[in-house]
Amino acid sequence: MADTKGFSSIETPGYVGFANLPNQVHRKSVKKGFEFTLMVVGESGLGKSTLVNSLFLTDLYPERIIRDAIEKQKQTVKLEASTVEIEERGVKLRLTVVDTPGFGDAIDNSNSFGAIFKYIDEQYERFLRDESGLNRRNIVDNRIHCCFYFISPFGHGLKPLDVEFMKKLHSKVNIVPVIAKADCLTKKEILRLKCRIMQEIESHGIKIYPLPDCDSDEDEDYKEQVKQLKEAVPFAVCGANTLLEVKGKKVRGRLYPWGVVEVENPDHCDFIKLRTMLITHMQDLQEVTQEVHYENYRSDRLARGGKENGTKPERESIVPTQVNTVLSEKDRILQEKDAELRRMQEMLAQMQARMQAQK
């Protein structure tokens, strides 16, 4: 008799076992690991690097050189991508943070946008090429899944630079507005600034990342958490990597003459809410990037690539002509294979019909 050790009979009538499918997906996902790309945009001195290091408990910029004012006058926007492998309780995350030093530092910032938009489009183009290639199994996803846009706490709302940039960016990437260095403001000032920023975002038609609504069957705690996250936008945060002792406990914070600002204290800033939003909605950010922003780029890209009107493509500097030719050839091959597959399906259907008629 065959050994059936490790297998048990189904105790509940009508139970098949596919309820365990999520466990299989979980095991496979944990084994494969996760990828996430975060872009941080904002003027120098707003604490972007400190906040990112605080969020992920790592040092992404160990050898960063701080430039003086004279060097910043000549500096153009240059994107720097830093990748780090983070592992927590057996779950691996390949985190890439794209920083934008030089943004907003020049006297004339009209050219600050070009390098950022070019980088975002280049990542979409690279993914499109890899997706259309022969080896699709090991595609590295470097598309920007989320952009933290840092807003200065020292103004009375959004600056013209903020408005213009976000209006041009919102169709390409998920924007999460962040008020930097919130420890400079009182609670009333933070609430007033938040209301003003949200009014300006709405009046200018800027589309920021919308937190998804909860399903009716979600538990009440999760619904309350999502409600609080929605009310906290834009997130007023401050970062710190220094451990201080407060009432016998080690906390990460900033020491001032009047006391300590605890980064992870929700009464002091929205750091915990921002981190919760990023972690709990990381999958949704990736899905929106794939299903909305990338699909918009892909459809626009293929539509422009298929035109034979002799005019130069709108983004010729980003997409070489050779790539257009290669993609057109691959599209033709895919169409031929689709047509062949349809013919085989039709033949199979006809054979099945004849077999049924013979019965």
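Okay, let's start with a question: which residues have the most contacts inside the largest nonpolar core? They are Met39, Phe148, Leu274 and Met277, and the core they sit in has 74 residues. Keep in mind that this is a predicted model. As for who contributes to that core, the largest share comes from helix α4, with eight residues.

Leaving aside residues up to four places away in sequence, Leu274 touches Leu51, Leu55, Phe148, Val176, Val178, Phe235 and Val237.

Now the overall picture. The protein chain has ten helices and nine strands. Of its 359 residues, 38% are buried. And if you take the contacts with a separation of 6 or more, 69% of them are between residues 24 or more positions apart.

On to the sheet. It's an open one, six strands, mixed pairing, and the order reads β2-β3-β1-β4-β5-β6. At the edges you have β2, residues 80-88, and β6, residues 235-236, each of which pairs on one side only. Further in, β1 (residues 34-41) and β3 (residues 91-99) run parallel and are joined by seven bridges. If you want one to look up on the screen, Phe34 has Leu93 in β3 as its bridge partner.

What lies across the sheet strands β1, β4 and β5? That's helix α5, residues 160-169, and its angle to β4 is about 170°. For reference, β4 covers 146-151 and β5 covers 175-179.

Next, a helix pair. Helix α4 is residues 112-132 and helix α9 is residues 282-305; their axes come within 10 Å and cross at roughly 80°. An angle of 65 to 115 degrees counts as roughly perpendicular, and α4 and α9 are therefore roughly perpendicular to each other. By class, the contact between them has five nonpolar, three polar and five charged residues. From α4 you get Asp121, Tyr124, Glu125, Phe127, Leu128 and Glu131. On the α9 side it's Thr289, Gln290, His293, Tyr294, Tyr297, Arg298 and Arg301.

Is Glu200 buried or exposed? Its relative accessibility is 15%, and the cut-off for buried is under 20%, so Glu200 counts as buried. Setting aside residues up to four places away in sequence, Glu200 touches Gly157 and Leu158.

Last topic, the backbone. Most residues other than glycine have a negative phi, and most peptide bonds are trans. We have a few spots here to go through with that in mind.

Where is the cis peptide bond? From Val233 to Pro234, with omega near -5°. Pro234 itself is in the loop between α7, which is 220-232, and β6.

Then there are two lysines. Lys181 has phi near 45°, a positive value in a residue other than glycine. You'll find Lys181 in the loop between β5 and α6, and at 32% relative accessibility it counts as partly exposed. Lys247 isn't a glycine either, and its phi is positive, about 55°. Lys247 is in the loop between β7 (243-246) and β8 (249-256). With a relative accessible area of 85%, Lys247 is exposed.

That's my tour, thanks.

Definitions and conventions: Residues are numbered from 1 along each chain as its sequence is written. This is a predicted model: local features need pLDDT of at least 70, side-chain atom pairs count only at pLDDT 80 or more; totals for chains, interfaces and linings use all residues. Side-chain values use heavy atoms; hydrogens and water are left out. Two strands pair if DSSP finds at least two bridges between them. Helices (H or I, at least four residues) and strands (E, at least two) are DSSP runs, numbered from the N terminus. Contact means heavy atoms within 4.5 Å. Axes are lines fitted to C-alpha atoms, for helices over the stretch in contact, and angles run from 0 to 180 degrees between N-to-C directions. Angles under 35 degrees count as roughly parallel, over 145 as roughly antiparallel, 65 to 115 as roughly perpendicular and the rest as oblique. Ala, Val, Leu, Ile, Met, Phe, Trp, Tyr, Cys and Pro count as nonpolar, Asp, Glu, Lys and Arg as charged, and the others, Gly among them, as polar. A nonpolar core is a set of buried Ala, Val, Leu, Ile, Met, Phe, Trp, Tyr and Cys residues joined through side-chain atoms within 4.5 Å. Buried means under 20% relative accessible area, exposed over 50%, partly exposed in between (1.4 Å probe, protein chains only).
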